[in-house]
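This report describes a few parts of one protein model. Look at the sequence and the structure first, then read on.

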Amino acid sequence: MTTEHADGWQPRRIDRIDAGMRRLAAAIAILGGMGLVLVILATVASVTGRALIPLGLRPIRGDFELIELAAGFAVFSFLPWCQINRQHASVELLTARLGDAVNRWIDLVCDILMFLVAALIAVQHGRGMLDKYGYGETTFVLQYPIWWAYAAGLAGAAVFLVVSLHCVMRSIDAIATGLSPTTGSAHH
Amino acid sequence: MSSQEIALLAFPALLVLIFLRIPIGLAMLVTGMGGIYVLNGSFAMITGQMKHLTWGTFSSYSLSIIPLFLLMGQFASLGGMSQALFKAAETWMGHHRGGVAMAAVGACAGFGAICGSSLATAATMGQVALPELKRYGYSGELATGTLAAGGTLGILIPPSVILVIYAILTEQNIAKLFVAAFIPGILAAIGYIIAIAIYVRIKPQSAGSRARAPYCERFRSLVAVWPVLVVFLLVVGGIYGGVFTPTEAAAVGAFGTGLVALINGGLTPMSLKRAILATASSTAMIFLIVLGAGIFNTFLALSQLPQTAAALVSDGGFNPWLVMFAVLVLYLVLGCVMDSLSMILLTVPIFFPIMVGLDFGLSPEEFALWFGIIVLIVVEVGLITPPVGMNLFVINSMSKETPMSATYRGVLPFVLTDLVRVAILTAFPAISLLAVRLLY
């Protein structure tokens, strides 16, 4: 996306930002996915340990707390990738007949609503984290502070917020220029 | 205006948003928040709830099964399990009239046993089977119809993401639901095969022929399928036997399919990245809907609509079977425009309390299992009913030369067998409960 073309055509700023945002969204999603992979390995080790107690092995302590931690982080970190690719489930039955111009406005409304929800999620989740920090709550078995887990989620929520804001900009640009964004699969 | 009337108005409002292409999860969130604001006159309840609801939902131990099952399906297709299944089914059944299409159904059923999602099953098997169906002279109509319908076996045959959600909503045992879904899932596959057999007799030109495969080739093809069987037995057997929790089973299953993919050379850093990103999209989509439904259902509970409706129906002295019929028709109509997960999340909290109060001659637990299976099947029919069947779009987009109208025609025989199966399973709860009664 960012390579210069021979005829002097340069990618527009919004497209460069879009490429960057996609890399950011993909990077954090992969981080979340790696968390899941680690949990899979830990669970297999734990289950094996539990099955082989007679041989002196043991399950991993607090394995389900690890699963919750990794799953919570993973889901938060997956939100930006889904948003930037417009892959949330939606019904295109009526809007498919409405023409490109109307659909670009609908895209904008969707993106603004999603941005507002992303903001609500990020801010309230952050305040929830401060609550947990203030109470000094820890998990039952592993005794790690719950606010750590919330902080991991907050990283995903923050990227989600930034990406949602970018999606609003992208939609405004699409209305202003009448162009579809060069990246992302707007309608599939 | 009473709070129940406000809640009743929320449904048309929600549908308008959904039809304007607002993502379904987002539409539920917005409608639910708006409804709570109207009922309470302030946002205090929402802001308070959102402090911990998001993390609580995303990190839920029982819901964490969903990304794990999705990753398991991704690994299974990287590991070539979809090809192995189709190859095996094809060498055994391909020479019959319509046999390659029947083999596609069989392979979908097999893949459904290691994949909990219909869309993933349709997409994965579509990639494998569509080119082969074309090569053997099957019409685009029959090929796309078969695979769209076959894909629904992904959620009918356990493990099933939708059943996990139903189990959480109704506080039922996931293992028992998986066991109960097994026989109806097999019946579905048999129904589809019968539909193909009738279809190719009515339209003989829509299927080509294929030479009979020698037995040595047939048995060799079975060897490649054993990992599928092992993973399935490990996951479902492990849950049933109480060896693992369902979440652990999903992790073990993902490990198993991942290991097969690694050994087969299908799992590389590049393909792992793609598998994670595909899982990321589906997971985020599902959890946004779950979060939205959480807010929407908080609003409904606040309005006391579900309790009022349940009281109305149980005091009304209606025939339980008539109520059941009405509910099923409503599901089928909704299914034409909504996705299965949203339907389950929106309707089960309302319908389940109503239905469980009616007398079908079953214990509450047996009723919950039976109702779950029936609902699973009717929402799954929604995946293949025109105009908004997700599976139809997924498969049609993979077969460029087939017009959408042909896919709509091609899937009709399968929808018919679905309706017949719903009627039979509704009339005879014993079929859905047989496996559970035998095993527990």
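Leaving aside neighbours within four places in sequence, A:Lys132 is in contact (heavy atoms within 4.5 Å) with A:Glu137, A:Ile146, A:Trp147, A:Tyr150 and B:His52. A:Lys132 sits in helix H3 of chain A. With a relative accessible area of 14%, A:Lys132 is buried; buried means under 20% relative accessible area, exposed over 50% and partly exposed in between, with a 1.4 Å probe and protein chains only.

The model is predicted: local features need pLDDT of at least 70 and side-chain atom pairs count only at pLDDT 80 or more, while totals for chains, interfaces and linings use all residues. Residues are numbered from 1 along each chain as its sequence is written, chains are lettered from A and ligands numbered from 1 in the order in which they are written, and side-chain values use heavy atoms, with hydrogens and water left out.

Chain A has four helices and zero strands. Helices (H or I, at least four residues) and strands (E, at least two) are DSSP runs, numbered from the N terminus. The radius of gyration of chain A, taken over C-alpha atoms, is 21 Å, well over the 16 Å from the globule rule (2.2 Å times the number of residues to the power 0.38) for 188 residues, so chain A is more spread out than a compact globule. Further values for chain A are in the table.

| Property of chain A | Value |
|---|---|
| Box filled by the C-alpha atoms, along the principal axes | roughly 70 × 40 × 35 Å |
| Residues that count as buried | 46% of 188 residues |
| Share of contacts with a separation of 6 or more that join residues 24 or more positions apart | 77% |

In chain B, helix H2 (residues 24-40) has 17 residues. From first to last C-alpha this helix reaches 24 Å, close to the 24 Å expected at 1.5 Å a residue, where the expected span is 1.5 Å times one less than the number of residues. Among the buried residues of H2(B) are B:Ile24, B:Leu26, B:Leu29, B:Met33 and B:Ile36. The cover over the buried residues of H2(B) includes helix H3 (100-135) of chain A, together with H1, helix H3 (44-58), helix H15 (269-303) and H18 of chain B. After H2(B) comes B:Gly41, which has a positive phi near 75°.
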